[in-house]
Amino acid sequence: MTTEPRKPPPQYVFKLKRALGGKSGWTGLVVQIVFAAVLAWVAYEIVANARANLETQRIASGFGFLKNTAGFDVSQSLIPYSGSDSYTRVFFVGLLNTLLVAVIGIVFATVIGFVLALCRLSPNWLLARLGEIYVEIVRNLPLLFQLLFWYLAVLAALPGPRQSLNLFNAFFLSNRGLVIPRPIGEPGLDPFLVALGIGIVGSLALRYYARRALFDRGQLIRIWPYVLGLLIGLPLVTMLIFGLPFMFELPQLKGFNFAGGSRVIPEFVALVVALSTYTAAFIAEIVRAGILSVHKGQMEAGSSLGLSRGATLRLIVVPQAMRVIVPPLTNQYLNLTKNSSLAVAIGYPDLVSVFAGTTLSQTGQAIEIIAITMGVYLMISLVTSAIMSVYGWRINRSLGA
Amino acid sequence: MKRVYLALTLAAATALSVQAASAQTLKTVKDRGMLSCGVSGGLPGFSTPDDKGNWTGIDVDLCRAISAAIFDDPTKVKFVPLSAKDRFTALQSGEIDVLSRNTTWTLSRDTSLGANFTGVTYYDGQGFLVKKALKVNSALELNSASVCVQTGTTTEQNLADYFKGNNMKYEVIAFASADETVKAYETGRCDVFTSDVSQLYAQRLKLANPADHVVLPEVISKEPLGPMVRHGDDQWFDIVKWTLFAMVNAEELGVTQKNVDEMAKSDKPDLKRAFGSDGNLGEQLGLTKDWFSRIIKAEGNYGEMYDRNVGAGSKLQIARGLNQLWNKGGIQYAPPIR
């Protein structure tokens, strides 16, 4: 008679106990239930209390106000907007303005930050000192102060629209902002865009093919003449066939301001410059720390292979440094996005200014509006950090770590 | 673990104890020994602190008058400077007892904010301030101008209405505080600064060269400015309302800060009622018999308050206009004290 090894009795209850209560077992479970109940009760009390107080004081509540007419105008809007649109539209105008500043600010901050870090690490004494001075000055002054400096001291010093700095009668720089010619679509626009699209897709495919050839067969293919042909030649040919894709509408001084053309308002410029230069100082330190965290043997190995300093950095050091850089870099991106709410100080119409500011004081519905605004910032931040997490995960995977 | 429970209990207790602070404002103020009054952070003529931190202005004086009526002492006021967009939240949350901050009385503000306007301290209207060098004579010539405005004000909406109504284009740049708005106008970011006319005169004084700027003749809106109190405390509403009425009535009756003691002895029936030697009108308000003389002794009548802050006796030199008494060609009018 064969004896089967006795199976241990199924310890369902024990497993459940461990899963729910952790090491403390049932006591832990009870504590958790009590904790959750208290938390729910506190949340309920806060909501119920707020609601009761609003009702007794007869303060309007609910989200019905979002459908009402806003009745005020906004200086910069990415979507068509006028005073007769609703508060919902104001919300999106503000949100897009915030996102615009955040995205452009992040791009500039990253580029400036990387350049600064490389300056600081450079063997060139002057570059290294300049980088150090920049970082130490910019990161140690309050951001609001720098914002006001750019807006009130630098940009406001530009001449008025009638004396604006003029380049080819097409670009005008004044204290009303930068006015540039605006492209206006012509019949040739659609074929031009299609050609451009084909060019981009084709170039990407070529690059992919060339990389496979290099990695699989060790074959070096020169693709840049083809890429040039695809990206510039193809659109040029369509332009010859279908005519110009767009004409430029030149700005002209009419009355107080420029009519025609597109305009970049100084509030936007001041905000982007202040946010990106300020955040760049922090990013520079993060990047520097990341690069220094890579063992210097890697650098020496690179140069012993005959790679230039730049190529060693680009191909060997930075990819490894990115592992260290990405998490704190994410923090800086989040900071920049949240700091963009300082826009209210210089009259840039971001979300806080037009929605949590003007809309709030016109409707008086502080609780709803602040809740929406906080939710939006939370969401922007969570999406940003999710993207950065995925990026960090891919880097770690590609490095096999 | 115990500490966690304690913290939770505390948090819960706090959440519960945040009860509506609406009723019993008078009692709260008396217990505190101080009136909390929301004012503008710096608007000459209405509320502005001097270099020693003393506040002056019509809005400020009204709060002092309320304090005098309650405590017989006009100094028991804590002034809370508020921006245009924070003011209503401060009142709703109970941080201040009365909002006296050049606020325009509109239907939506009277209904949806959980607060009431108690009267009109100053009848104003919206105008435009431009540089003389632009050679603009009328607001109708402002097509395509850049306009600086303070955000969260009725001004911002009137502006949109006016330019739309007259088929004119404009660019609006909205700032959170009056100072930032004026600064932007001064640096040339905008061609026009728009606000209530009284504010335009007041802010013009702050500019480097006031004579280089001119207020255009158009007044494009009605801006009755007045104090606000929270819904739900009618006694407090009455006190704030009748403090202003007392000052207007005093001017009409010829009672001034100087002659208040003599007038108190008068035999005229309306004066006897006001001064409390006849009837118990002060007690009906929840105040004392001498509430009327307390107010006038401390702050004078409406005309004196006007002259000293924005009128002939001030730097602003704004004519009485609409704010003259009803029987002298204006529209300042108070119900009778009886």
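In chain B of this predicted model, five strands form an open sheet in the order E10-E9-E11-E8-E12, and their pairing is mixed. E10 and strand E12 (213-215) of chain B stand at the edges with a single partner strand each, so one side of each has no neighbour in the sheet. On average, and with direction ignored, neighbouring strands of this sheet are turned by 30 degrees against each other.

- Strands of a sheet pair through backbone hydrogen bonds, in either a parallel or an antiparallel manner.
- E9(B) and strand E11 (residues 192-196) of chain B are paired in the parallel sense, over two bridges.
- Opposite B:Cys148 stands B:Phe193 in E11(B).
- Helix H6(B) lies across strand E8 (126-131), E9, E10 and E11 of chain B, and it runs at about 155 degrees to E9(B).

**Chain B as a whole**

- Chain B contains 14 helices and 13 strands.
- The radius of gyration of chain B is 22 Å, close to the 20 Å that the globule rule gives for 338 residues, so chain B is as compact as a globular protein of that length.
- The C-alpha trace of chain B spans about 75 × 60 × 40 Å along its principal axes.

**The contact between the chains**

- Chain B brings 42 residues to the contact, and chain A brings 39 residues.
- On the side of chain B that touches chain A, at least two residues each come from helix H1 (2-17), helix H4 (87-92), strand E9 (145-150), helix H6 (154-165), strand E10 (170-175) and helix H7 (178-186) of chain B.
- Sorted by class, this side of chain B has 18 nonpolar, 15 polar and nine charged residues.

**Helix packing in chain A: H5 and H8**

- Helix H5 (residues 143-154) and helix H8 (residues 266-293) of chain A pack at an angle of about 140 degrees, and their axes are 9 Å apart.
- The two helices H5(A) and H8(A) are therefore oblique to each other, and their crossing is right-handed.
- In this contact A:Leu143, A:Gln146, A:Leu147, A:Trp150 and A:Tyr151 of H5(A) meet A:Glu267, A:Ala270, A:Leu271, A:Val273, A:Ala274 and A:Tyr278 of H8(A).
- By class, the contact of H5(A) with H8(A) has nine nonpolar residues, one polar and one charged.

**Helix packing in chain A: H4 and H8**

- Helix H4 (residues 125-138) of chain A also packs with H8(A), at an angle of about 120 degrees and with the axes 9 Å apart.
- That angle makes H4(A) oblique to H8(A), and the crossing of H4(A) and H8(A) is left-handed.
- Here A:Gly131, A:Tyr134, A:Val135 and A:Val138 in H4(A) meet A:Thr277, A:Tyr278, A:Ala281, A:Ala284 and A:Glu285 in H8(A).
- The residues of the contact of H4(A) with H8(A) comprise six nonpolar, two polar and one charged.

**The four-stranded sheet of chain A**

- Four strands of chain A form an open sheet in the order E1-E2-E3-E8, with antiparallel pairing.
- Strand E1 (165-167) and strand E8 (262-264) of chain A are the edge strands, and each pairs on one side only.
- Neighbouring strands of this sheet are turned by 15 degrees against each other on average, with direction ignored.
- Strand E2 (residues 171-174) and strand E3 (residues 177-180) of chain A run antiparallel and are joined by three bridges.
- A:Gly177 in E3(A) is the residue opposite A:Ser174.

Notes. Residues numbered from 1 in each chain as written. Chains lettered and ligands numbered in written order. Predicted model: local features only at pLDDT ≥ 70, side-chain atom pairs only at ≥ 80, totals over all residues. Contact = placed C-beta atoms within 7 Å. Nonpolar A, V, L, I, M, F, W, Y, C, P; charged D, E, K, R; others polar. Axes fitted to C-alpha atoms, helices over the stretch in contact; angles between N-to-C directions. Parallel < 35°, antiparallel > 145°, perpendicular 65-115°, else oblique. Left-handed = near helix turned anticlockwise from the far one by under 90°. Pairing = 2+ DSSP bridges. Rg over C-alpha atoms; globule rule 2.2 N^0.38 Å.
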